Amino acid sequence: MCPIGPGPDRPEGEEATSTDAAFTALLEDSAEELYESAPCGYLSTLMDGTIAKINTTLLTWLGRSRDEVVGRMRFMDLLTAGGRIYHDTHFAPLLNMQGSISGIALDLRTADGGRLPALVSSVTKTDSGGRPLLIRTTVFDAGARRSYEQELLRERRVAEEARRQVEEDRARLQEALAVLQSSLLPAALPPVPGMEAASHYHTTSPDRLGGDFYDLFPLDGTRWAFFLGDVCGKGPQAAAVTSLTRYTLRAAALHDPDPVAALTTLNTVLHERYAMGDPRYCTTVFGVLEPVGDKVKVELASGGHPPALVLRQDGRADYLPTPGGLLVGILPTAPFTSARTVLAAGDTLLLYTDGLTEARIGEKRELFGDEALRDFAKGLPHTGAQQVVTALTGLLNSFGDGLDDDTALLALGVPTNRPHPANGTPT
Amino acid sequence: MSPLTTTVRDTGTGPVLLVAGELDYSTAAELRRVVTGIDLGPGRLLVLDLGGLDFCDSSGITALIVARNHATAARADIALVSVPGPVLRILRVTGLDQVFRLEPGAGTRNRAVGD
């Protein structure tokens, strides 16, 4: 019900209590007064919508006079264009069918062109024979409620826009990471005449740039250089060191391919760049391949990196020790140790990062270790670099969550049946 | 999992930092903070007693290098004592056994070392 305030003609001077006074005021409130100044709009229309009666409240809201409305306008004339369409397609048919309709949101149009959001209820009054006579309608001002709803909608749109923006940013970040990651590793290893090369990169989290790296590239018409290493840490900072390391080693190798000289250059560059503040360094093995006849001469040097493993055609597997080589980048001058070997048909040189040997295996999570790697290598059929990498990839996968670091593998082998790749002529 | 604990003690030759627990990505920053907060003078010896270390990864190695840089900057020396086998293995592979003075240590975690 619409609550009614004290009437204007409230009696004065009576000795009644305030409650009595209120009751008196209520009783003396005429039905007409109640209709006209109710806090909601009332109107009655003929069945064709022509307005027969309308209360003062609604006229005030609409900014119109009784004379211009009664008998001259229809209910639908009070609605906005959108409101009229909704009235004709939903409101009127439902009212016609049910005889009443309640709480429908319609927009009314005020005389000055403004919009009055309203909740409208109507009931059809019939005669004793059930024939419709007129429609009684109440109109509640829904401005506050509508603006609340619109605020909710607006906030939802803002939230959706923010979510869309976050997803777009995330996609852009992943694309940037993928591009950056691909600049840290060769897309494919180049063919080396008389050799087979294979690599694998196992990442423990696709979202974080890894710190492992490797490369294989031609030096001149007869020699090839390779390196594999591990930068401390992960993420963008590690990736920056990886990038600096990769391009320094490539340039250093072209200038002077001697492995110790290349690592010394890298050490100078990293130490100069990262000497102050947060220490950044890497471990790496750098080497040069020189095919001679049916064999390949290898000279490599290590800076703090686990030793390379040489798998021989006859089933032997031995580390190629490079003791004393220091982490690259922590001291202004650093010792590096070089080692040489010759690969014959069926031999493979395996480089790896310590994700492999530091993996934890079994229920006791014991270190996999150097010995186990050598034993595993001895058990492999020595049929080529790709098979060695495939077997080790299977081993890495079998570690499951015992493998908690990125791992890079690079295998360089001399096949038993030497292929003659069409594009194998070095330039 | 055992969290990292660090205890600093002063001896006649310089501070001794007892490092116990796991030194990994999540705890290395704590060791770096503690060690760089240690006041060192020229000629002093900073001893890191690693006898209680259960685990050390590459982040931990970085923290040890930070400790070395901190000592070097103060023209002090640094020594690692009671280095556990697995950590010693990493130090050998990375060549850091040539960079750090390594000492067998006192055999127990709590005895004073470095003097």
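My entries follow in the order in which I looked things up.

**Confidence.** I noted at the start that this is a predicted model. I then looked up chain A, where the average pLDDT is 87. In that chain, 92% of the residues score at least 70.

**Two helices of chain A.** I turned to H7(A), residues 235-255, and H8(A), residues 259-274. Their axes come within 9 Å and cross at roughly 145 degrees. I recorded the crossing as right-handed. Which residues meet there? From H7(A) I listed several, including A:Leu244, A:Thr248 and A:Ala252. On the H8(A) side, A:Leu266, A:Val269 and A:Arg273 are among them. I sorted this contact by class and got 11 nonpolar, 3 polar and 1 charged residues.

**The largest pocket.** I looked up its space and found about 1200 Å³. It has 47 lining residues. Closest to the centre are A:Asp404, A:Asp405, B:Phe55, B:Asp57 and B:Ser58. I then asked which elements supply the lining. Chain A gives at least two residues each from strands E8 and E9 and helix H9. The largest share, 5 residues, comes from H3(B). My last entry is the class count for the lining: 18 nonpolar, 12 polar and 17 charged.

Notes. Residues numbered from 1 in each chain as written. Chains lettered and ligands numbered in written order. Predicted model: local features only at pLDDT ≥ 70, side-chain atom pairs only at ≥ 80, totals over all residues. Heavy atoms only, no water. 1 Å grid on protein atoms, 1.4 Å probe; cavity = no way out; pocket = protein on both sides within 12 Å on 5 of 7 lines; lining within 4 Å. Points joined across faces, edges and corners; volume = space filled by probe spheres on them. Helix = DSSP H or I, 4+ residues; strand = E, 2+ residues; numbered from the N terminus. Nonpolar A, V, L, I, M, F, W, Y, C, P; charged D, E, K, R; others polar. pLDDT = per-residue confidence, 0-100. Axes fitted to C-alpha atoms, helices over the stretch in contact; angles between N-to-C directions. Left-handed = near helix turned anticlockwise from the far one by under 90°. Contact = heavy atoms within 4.5 Å.
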